[in-house]
Amino acid sequence: MIFSALRIMEMRHIKYDKNIGAFDSTTGEILSNSCQTGDTSHKLICEERDFQASLSMVKVLVKHSSKVFGELPQEEPKPSRMNKKEKFLYALPHTFNRQKYLEVAKSMSIPAKTAEGYIANFVKSGLIHREAHDQYMNTSLEESQDSKEIKEE
């Protein structure tokens, strides 16, 4: 009944007649709660006082649900921990060569072959740009600098 009343509130073409109850002024269909009982064999007529009571209840329930929703706690993003591959990426300088990335990898206990694989994956995904033979640019540092500047503003 409440859902019917809410639906009726949103439909400006719904009218009420004391003889037949609520009806659709565009189609002439008499509205009932048959959709909620499942019985469609006969039309049920809503009386004016029931209709008005439903509207009053719906108005209060809409205000109440809005207030409750507004008081729900906001979800705070959980800090994520970087894995070894991400730490390696952010430890690399803005421009570097093979010797430099192998030094960084060694300081982080990452084997040379693994570091080479990381670099190849970073280049393929666009996180690192290969300028020339043995010359790389860490583009992920530019993105993190941009996001830091936005946060500071």
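Three strands make an open, antiparallel sheet in the order β3-β5-β4. This is a predicted model: local features need pLDDT of at least 70, side-chain atom pairs count only at pLDDT 80 or more, and totals for chains, interfaces and linings use all residues. Residues are numbered from 1 along each chain as its sequence is written, and side-chain values use heavy atoms, with hydrogens and water left out.

Start with the sheet. Strands (E, at least two residues) and helices (H or I, at least four) are DSSP runs, numbered from the N terminus. Two strands pair if DSSP finds at least two bridges between them. β3 (95–96) and β4 (128–132) are the edge strands; each has a single partner, so one side of each lacks a neighbour in the sheet. Two bridges join β3 and β5 in the antiparallel sense. Thr-95 has Met-137 in β5 as its bridge partner.

Next, helix α5. Tyr-101, Val-104 and Ala-105 are buried there. Buried means under 20% relative accessible area, exposed over 50%, and partly exposed in between (1.4 Å probe, protein chains only). The buried residues of α5 fall within an arc of 100° seen down the axis, so they line one face of the helix. That arc is taken from the directions from the helix axis to the C-beta atoms. An α-helix has 3.6 residues a turn, so residues three or four places apart point the same way. Gln-99, Lys-106 and Ser-107 are exposed on the other side of α5. The cover over its buried residues includes α4, β3, α6 and β5.

Both ends of α5 have a local detail. At its start, a side-chain oxygen of Asn-97 comes to within 3.3 Å of the backbone nitrogen of Gln-99. After α5 comes Ser-109, with a positive phi near 60°.

Now the core. A nonpolar core is a set of buried Ala, Val, Leu, Ile, Met, Phe, Trp, Tyr and Cys residues joined through side-chain atoms within 4.5 Å. The largest one has 14 residues; among those with the most contacts inside it are Phe-88, Tyr-101, Ile-119 and Phe-122. α4, α5 and α6 each supply at least two residues of this core. The largest share, four residues, comes from α6. Contact means heavy atoms within 4.5 Å. Leaving aside neighbours within four places in sequence, Ile-119 touches Phe-88, Leu-92, Phe-96, Tyr-101, Ile-128 and Tyr-136.

The aromatic rings come next. Rings of Phe, Tyr and Trp (its six-membered ring) pair if their centres lie within 6.5 Å; planes under 30 degrees apart count as stacked, over 60 as edge-to-face and the rest as tilted. The whole structure holds six aromatic pairs. In one, Phe-88 and Tyr-118 have ring centres 5.8 Å apart and planes at 50°, so the pair is tilted. Phe-88 sits in helix α4 (residues 84–91) and Tyr-118 in helix α6 (residues 112–125), 30 residues apart. Both Phe-88 and Tyr-118 are buried. For Tyr-101 and Tyr-136, the centres are 6.0 Å apart and the planes at 75°, so this pair is edge-to-face. Tyr-101 is in helix α5 (residues 98–107) and Tyr-136 in strand β5 (residues 135–138), so the pair ties together parts 35 residues apart in sequence. Phe-88, Tyr-118 and Phe-122 form one aromatic cluster.

Finish at Thr-139, in helix α7 (residues 139–152). Thr-139 counts as buried because its relative accessibility is 14%.

Methods:
A polar contact is a pair of N or O atoms within 3.5 Å; within protein, one must be able to donate a hydrogen and the other to accept it, and residues adjacent in sequence count only if both atoms are side-chain atoms.
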